[in-house]
Amino acid sequence: TPARPPSTAAVKLQRDYTNVNLGTPMAMAQAPGDASRWFVAQRNGNIVSFPTSSPPNTPTPVANLPMVAGLTISTAGEGGLLGFAFHPRFAQNGKLMVSWTSTGGATGIRSLLGTLTSTNQGASFTTYTPILGFDQTTATNHKGGGLAFGKDGYLYASFGDGEGSNDAFINGQKKTGFFAKILRLLPRALVIGTALLA
């Protein structure tokens with residue numbers, strides 16, 4: 001990790017990858033302990049990867065989330081593949097957490113949290129296991145979907161308030177439900193089928 005620059009340092013933006021076509025990128029991350037390549041989540045449900053040195057113009061597809069999950073992704077409004085996070089022990093268990101929206105449910109769109117699993121260090125992800133899902137509101141915006149593992153080992157999952165205009169559902173003022181919340185999930189306590197996530 002580079003040293004933190006002084007607060008008086010000048011800020012300059014620099015384009016590192018000038019010719020890499022990332023499509024509609026929603027999140028970009030490297031697997032823990034592996035700085036040799038980037039993974040990019042695209043809004044349409046694809047996840048692609050490219051090496052940090054000499055990247056190609058077209059990254060390599062490693063997952064098609066809707067196909068692996070057997071569900072139809074919803075990109076209506078602000079939906080789609082919204083976030084992902086590598087499990088801290090990805091090198092051992094191959095697990096990648098994903099937050100996305102699918103069609104279906106009472107309102108025609110659902111928020112989903114699940115796990116993609118790779119058996120070849122991220123060259124491909126061929127298994128999807130659902131963790132939780134809930135029906136979205138009838139509005140098409142504010143779906144959220146950020147994911148991150150904290151230093152405490154918990155998975156933090158954020159969801160938007162699902163609001164339309166004028167705070168129609170007042171979800172941000174409610175203490176219950178999934179809307180406008182950050183969930184803290186302990187990986188070892190998440191039962192995935194018959195196996196623990198960690």
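Ser49 is in contact with Arg37, Trp38, Phe39, Pro59, Thr60 and Val62, its neighbours within four places in sequence being left aside. The model is predicted. Ser49 has its place in strand β3, which spans residues 46-51. With a relative accessible area of 7%, Ser49 is buried. Its side chain also has a polar partner. A polar atom of the Ser49 side chain lies 3.0 Å from the backbone oxygen of Trp38.

Val62, one of the contacts of Ser49, has its place in strand β4 (residues 60-64). Val62 has a relative accessibility of 8% and counts as buried, because the limit for that class is under 20%. Neighbours within four places in sequence again left aside, the contacts of Val62 are Phe39, Ile47, Val48, Ser49, Gly122, Ala123, Ser124 and Phe125. The C-alpha atoms of Val62 and Gly94 are 13 Å apart in space, and the two residues are 32 residues apart in sequence.

Next comes the sheet. Four strands form an open sheet in the order β5-β6-β7-β8, with antiparallel pairing. The edges are held by β5 (81-86) and β8 (127-135). Each of these has a single partner strand, so one side of each is left without a neighbour in the sheet. On average, neighbouring strands of this sheet are turned by 20° against each other, direction ignored. Strand β7 covers residues 109-117 and pairs with β8 in the antiparallel sense, over eight bridges. Opposite Asp135 in β8 stands Arg110.

Aromatic pairs were examined next. A pair of aromatic rings is described by the distance of the centres and the angle of the planes. The structure holds 10 aromatic pairs. In one of them, Tyr17 and Phe50 have ring centres 5.1 Å apart and planes at 80°. This pair is edge-to-face, because the angle is over 60 degrees. Tyr17 lies in the segment before β1 (25-29), whereas Phe50 lies in strand β3. The pair therefore ties together parts that are 33 residues apart in sequence. The two residues fall into separate accessibility classes: Tyr17 is partly exposed at 23% relative accessibility, and Phe50 is buried at 1%.

Phe134 and Phe178 form a stacked aromatic pair. Their centres are 4.7 Å apart, with 15° between the planes. Phe134 lies in strand β8, and Phe178 in the loop between β10 (155-159) and β11 (181-185). This pair thus ties together parts that are 44 residues apart in sequence. Phe134 has a relative accessibility of 7% and counts as buried. Phe178 counts as partly exposed, at 29%.

Ring pairs also link Phe39, Phe84, Phe86, Phe90 and Phe125 into a cluster. Arg184 lies over the face of Tyr154, at 4.3 Å from the ring centre.

Conventions
Residues are numbered from 1 along each chain as its sequence is written. This is a predicted model: local features need pLDDT of at least 70, side-chain atom pairs count only at pLDDT 80 or more; totals for chains, interfaces and linings use all residues. Side-chain values use heavy atoms; hydrogens and water are left out. Two strands pair if DSSP finds at least two bridges between them. Helices (H or I, at least four residues) and strands (E, at least two) are DSSP runs, numbered from the N terminus. Axes are lines fitted to C-alpha atoms, for helices over the stretch in contact, and angles run from 0 to 180 degrees between N-to-C directions. Buried means under 20% relative accessible area, exposed over 50%, partly exposed in between (1.4 Å probe, protein chains only). A polar contact is a pair of N or O atoms within 3.5 Å; within protein, one must be able to donate a hydrogen and the other to accept it, and residues adjacent in sequence count only if both atoms are side-chain atoms. Contact means heavy atoms within 4.5 Å. Rings of Phe, Tyr and Trp (its six-membered ring) pair if their centres lie within 6.5 Å; planes under 30 degrees apart count as stacked, over 60 as edge-to-face and the rest as tilted. A charge sits over a ring if NZ of Lys or CZ of Arg is within 6 Å of the ring centre and within 35 degrees of the ring normal.
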